[in-house]
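Morning, everyone. I have one structure to walk through today. Let me put it on the screen.

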Amino acid sequence: GELSASLNFSNLKVSDSLLYLTLNRTGNRSVYGDLTLLEKGSDKVISEMKMISLYTETSHKDFKLALQGHKPEDVYIQFKEDSRYGGNLVVKQDVKP
């Protein structure tokens, strides 16, 4: 069968200048990539975690990223799969709509 995966964010919460979130994975393949907090408009990187992996036996993983003085409504979160590992998923979500 064909291998596929999908991702989404949940449980976004801001506390003490940190963004807490859960990255959820469904499907029958692992995902590898970078989790990045970016500034709306400029797409400037605020915080990032590189080479994150969610294996097939893992449905979700919790993370925290520093807001670095930015307001929650001015940033968005992104997970971008590393194409070197065969994936091309990109998921983005505003921290506060």
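Start with Q68. At 54% relative accessibility, Q68 counts as exposed. The cut-offs are these: buried means under 20% relative accessible area, exposed over 50%, and partly exposed in between, with a 1.4 Å probe and protein chains only. Q68 is found in the loop between strand 5 (60–66) and strand 6 (75–81). Its phi is near 50°, a positive value in a residue other than glycine.

Before I go on, two points on how to read this. This is a predicted model, where local features need pLDDT of at least 70 and side-chain atom pairs count only at pLDDT 80 or more, while totals for chains, interfaces and linings use all residues. Residues are numbered from 1 along each chain as its sequence is written, and side-chain values use heavy atoms, with hydrogens and water left out.

Back to loops. D43 also has a positive phi, near 60°, and D43 is not glycine either. D43 lies in the loop between strand 3 (31–39) and strand 4 (45–54). At 44% relative accessibility, D43 counts as partly exposed.

Now the whole chain. How many helices and strands are there in the protein chain? There are 0 helices and 7 strands. From the N terminus on, the order is β-β-β-β-β-β-β. Helices (H or I, at least four residues) and strands (E, at least two) are DSSP runs, numbered from the N terminus.

Next, dimensions. For 97 residues, a compact globule would have a radius of gyration near 13 Å; the protein chain has 13 Å, so the two agree. That radius is taken over C-alpha atoms, and the globule rule is 2.2 Å times the number of residues to the power 0.38. Along the principal axes, the C-alpha atoms fill a box of roughly 45 × 25 × 20 Å.

Of the 97 residues, 39% count as buried. The accessible surface of the protein chain comes to about 5,700 Å². Carbon and sulfur atoms hold 46% of that surface. Areas come from the Shrake-Rupley method with a 1.4 Å probe; for residues, only the protein chains shown count as cover.

On to contacts, meaning heavy atoms within 4.5 Å.

Y76 sits in strand 6. With a relative accessible area of 10%, Y76 is buried. Which residues does Y76 touch, not counting residues up to four places away in sequence? The list is T36, L37, L38, E39, K40, D43, K92, Q93, D94 and V95. Y76 and K92 are 16 residues apart in sequence, and their C-alpha atoms are 6.9 Å apart in space.

Then N24. N24 belongs to strand 2 (residues 18–27). N24 is buried too, with a relative accessible area of 19%. Leaving aside neighbours within four places in sequence, N24 is in contact with S6, L7, N8, F9, S10, S59 and H60. N24 and S42 are 18 residues apart along the chain, and their C-alpha atoms are separated by 27 Å.

Last, charges. The protein chain has 13 positive and 13 negative side chains. Lys and Arg count as positive, Asp and Glu as negative; His and the chain ends are not counted. The centres of the two sets lie 1 Å apart. Each charge is placed at NZ of Lys, CZ of Arg, CG of Asp or CD of Glu.

The structure holds 5 salt bridges. A salt bridge is a side-chain nitrogen of Lys or Arg within 4 Å of a carboxyl oxygen of Asp or Glu. One of them pairs D34 with K50, the closest N and O atoms being 3.6 Å apart. D34 lies in strand 3 and K50 in strand 4, so this pair ties together parts that are 16 residues apart in sequence. K50 also forms a salt bridge with E48, at 3.5 Å between the closest N and O atoms. K50 counts as exposed, at 54% relative accessibility. E48 counts as partly exposed, at 38%.

D82 and R84 meet in another salt bridge, 2.7 Å from N to O. R84 counts as exposed, at 66%. As for D34, E48 and K50, salt bridges that share partners join them into one network.

That's it from me.
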